[in-house]
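Here is a short briefing on a structure. Look over the sequence and the fold, then read the points below.

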Amino acid sequence: MLDNLNFKSIPTHMDFDGQRRAEKIFQTIILVFGIVGFIGGYIYQQFSYTVYILGAGFVLSCLLTLPPWPMYRREPLPWQKPQIENVESTQKSKKKTK
Amino acid sequence: MNTLLSRANAIFAFTLSVLAGLTFCCFVSTAFNEYKTNVTLKTVKAVVKNVPDYSASREKNDLGFLTYDLQADLRSLFNWNVKQLFIYMTAEYVSGNNVLNQVVLWDKIIRRGDEAKIDYRNVNPKYYFWDDGNGLRGNKNITLTLSWNVIPNAGSLPNVFGTGSHSFSFPAEYTTSRVM
């Protein structure tokens, strides 16, 4: 059954817009968690709370932006149509014969 | 940002930068604290002996014995940027040998969360009160002061002298009998 799965067909990339959004998302998350942690740590007078809350933000942003989720693949580049040339056509025919 | 590893690197580096910024803000939030408080010191009894100092020259030097009361409420000194206090009591006096003598008689580390309200009655010092000669007998002005180092998470290590020191005098005669 596993042989039937084509792993190469699973997309593992982010498009350019997705990369931009991923960076913005993790920066926002970590900054918000840092600010909240600072306020919480100040109220409870425990700097360790600040560090732990910042660590929670780190874990959350890792979960949200490390894997190439499909949401980062929504704006594929508008590639030009492949121009048919003789060389390509021969490659295609080779692949087909495989 | 195009591979998983480069994203991991970017997130980690950004988290560390934010942590450094927060630590600096924590330092700024306590940088202008005074860390001062009142201390009540009182000697109950003070005698002086003239005995050989085997730890140093083997010559006969003055050795002071005292018992004292110490009350201080250090709870107000703790905040989120204080890990512990190193408190120490010094005796300061002028003798014929030296213009300034400072002897540490007692010290203690108080971690945050430990009992920081000190109330000692009639206790002995932790360390010997040796003079390097005969400067203790009949000395009229020996000043006890409680001081502390503040050990922070981030920032400077202030050395603070508690307000309220106590001056006492040693008797003019050596004590020959066993004391305390």
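How much area is buried between chain B and chain A, and what share of it do carbon and sulfur atoms give? In this predicted model, about 2,100 Å² is buried between the two chains, and carbon and sulfur atoms give 79% of that area.

**Interface of chain B and chain A**

- B:Met1, B:Ile11 and B:Trp80 supply 33% of the area that chain B buries against chain A.
- Chain B brings 21 residues to the contact, and chain A brings 25 residues.
- On the side of chain B that touches chain A, 13 residues are nonpolar, six are polar and two are charged.
- Four residue pairs are in polar contact across the interface, counting pairs with both residues at pLDDT 80 or more.
- Zero salt bridges are found between chain B and chain A.

**Positive phi in chain A**

- A:Gln45 is not a glycine, yet its phi is positive, at about 55°.
- The loop between α1 (16–44) and α2 (47–65) of chain A holds A:Gln45.
- A:Gln45 counts as partly exposed because its relative accessibility is 21%, and the buried class requires a value under 20%.

**Positive phi in chain B**

- B:Arg58 is also a residue other than glycine with a positive phi, near 70°.
- B:Arg58 sits in the loop that links β1 (39–52) and β2 (60–73) of chain B.
- With 60% relative accessibility, B:Arg58 is over the 50% cut-off, so B:Arg58 counts as exposed.

**Background**

- Most residues other than glycine have a negative phi.

Note on methods:
Residues are numbered from 1 along each chain as its sequence is written. Chains are lettered from A and ligands numbered from 1 in the order in which they are written. This is a predicted model: local features need pLDDT of at least 70, side-chain atom pairs count only at pLDDT 80 or more; totals for chains, interfaces and linings use all residues. Side-chain values use heavy atoms; hydrogens and water are left out. Helices (H or I, at least four residues) and strands (E, at least two) are DSSP runs, numbered from the N terminus. Buried means under 20% relative accessible area, exposed over 50%, partly exposed in between (1.4 Å probe, protein chains only). Contact means heavy atoms within 4.5 Å. Buried area is the accessible area (1.4 Å probe) that two parts lose on being put together, summed over both. A salt bridge is a side-chain nitrogen of Lys or Arg within 4 Å of a carboxyl oxygen of Asp or Glu. A polar contact is a pair of N or O atoms within 3.5 Å; within protein, one must be able to donate a hydrogen and the other to accept it, and residues adjacent in sequence count only if both atoms are side-chain atoms. Ala, Val, Leu, Ile, Met, Phe, Trp, Tyr, Cys and Pro count as nonpolar, Asp, Glu, Lys and Arg as charged, and the others, Gly among them, as polar.
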